Amino acid sequence: MKNTFYLFALIFLLFSCKNSTTDNIKFQDLEPITLKQFKKKNVALNSALRFLNENEESVIFNKVEYDVFVDGKNVGTYIDKTNEKVAKNGVYKIDLPANFSPEKAFTDLDYGIAKIKSDIVAEVKYEGYFTITDSNKKEEEVKFSKVQKVLFSNNKKLKLDENGTIIEK
């Protein structure tokens with residue numbers, strides 16, 4: 001009887017010490033932040049999250065939640081809930097769109113008015129986390145962050161150089 005107890009205790013210990021599938025999920029990168037639209041009523045940005053599932057089994061991608069900051073001002077919190085299966089040994093990518101009113105980012109607090117001009121260079125930060133669940137129903141949260149200078153302009157002939165200075169293409 002005593003030996004049977006020790007055998008079950010040993011088996012339980014071995015299975016509980018097994019590495020979790022979620023330990024093999026690696027955040028790879030956020031793709032460059034791009035300006036999709038810059039109008040008086042709406043600004044649209046996009047990036048994409050990439051992560052690697054290094055497991056021999058699939059996992060479930062539950063949700064992604066992130067904040068977007070423009071020059072330190074929080075322009076929105078975005079949540080995308082999904083239950084997508086991520087294949088084993090694969091790279092997964094999910095778009096991270098951000099739509100907001102230009103007043104949230106470009107308001108001059110001294111005068112209380114929106115300063116919308118044609119060409120604005122601003123530091124944009126994406127910060128958040130995504131959650132995944134393995135076959136054992138263990139959920140893990142993986143954090144991510146990216147900071148990048150973005151040119152807010154409708155002039156297609158302009159771009160930013162490596163120092164964040166506006167130049168012509």
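Start at the lining of the largest pocket: its residues split into 7 nonpolar, 6 polar and 5 charged (Ala, Val, Leu, Ile, Met, Phe, Trp, Tyr, Cys and Pro count as nonpolar, Asp, Glu, Lys and Arg as charged, and the others, Gly among them, as polar). Select Thr34, Leu35, Leu151, Ser153 and Leu158, which lie nearest the pocket's centre among the 18 lining residues. Now colour β2, β10 and β11 (158-160), the elements that each give two or more residues to that lining. The pocket's volume is about 300 Å³. Here a pocket is an open set of points on a 1 Å grid over the protein atoms alone, where a 1.4 Å probe fits, with protein on both sides within 12 Å along at least five of seven lines; lining residues have an atom within 4 Å of a point. The volume is the space filled by probe spheres set on the points, which are joined across faces, edges and corners.

Before going further, some ground rules. This is a predicted model, where local features need pLDDT of at least 70 and side-chain atom pairs count only at pLDDT 80 or more, while totals for chains, interfaces and linings use all residues. Numbering runs from 1 along each chain as its sequence is written, and side-chain values use heavy atoms, with hydrogens and water left out.

Next, colour by pLDDT (the predictor's confidence in each residue, from 0 to 100). The mean is 81, and 78% of residues reach 70 or more.

Now go inside. Which residues have the most contacts within the largest nonpolar core? Pick Leu45, Tyr126 and Phe152, in a core of 33 residues. Such a core is a set of buried Ala, Val, Leu, Ile, Met, Phe, Trp, Tyr and Cys residues joined through side-chain atoms within 4.5 Å. Buried means under 20% relative accessible area, exposed over 50%, partly exposed in between (1.4 Å probe, protein chains only).

Last stop: two loops. Asp71, between β4 and β5, has a positive phi near 50° and is partly exposed at 48%. Lys137, between β9 and β10, has a positive phi near 70° and counts as exposed at 71%.

How values were computed
Helices (H or I, at least four residues) and strands (E, at least two) are DSSP runs, numbered from the N terminus.
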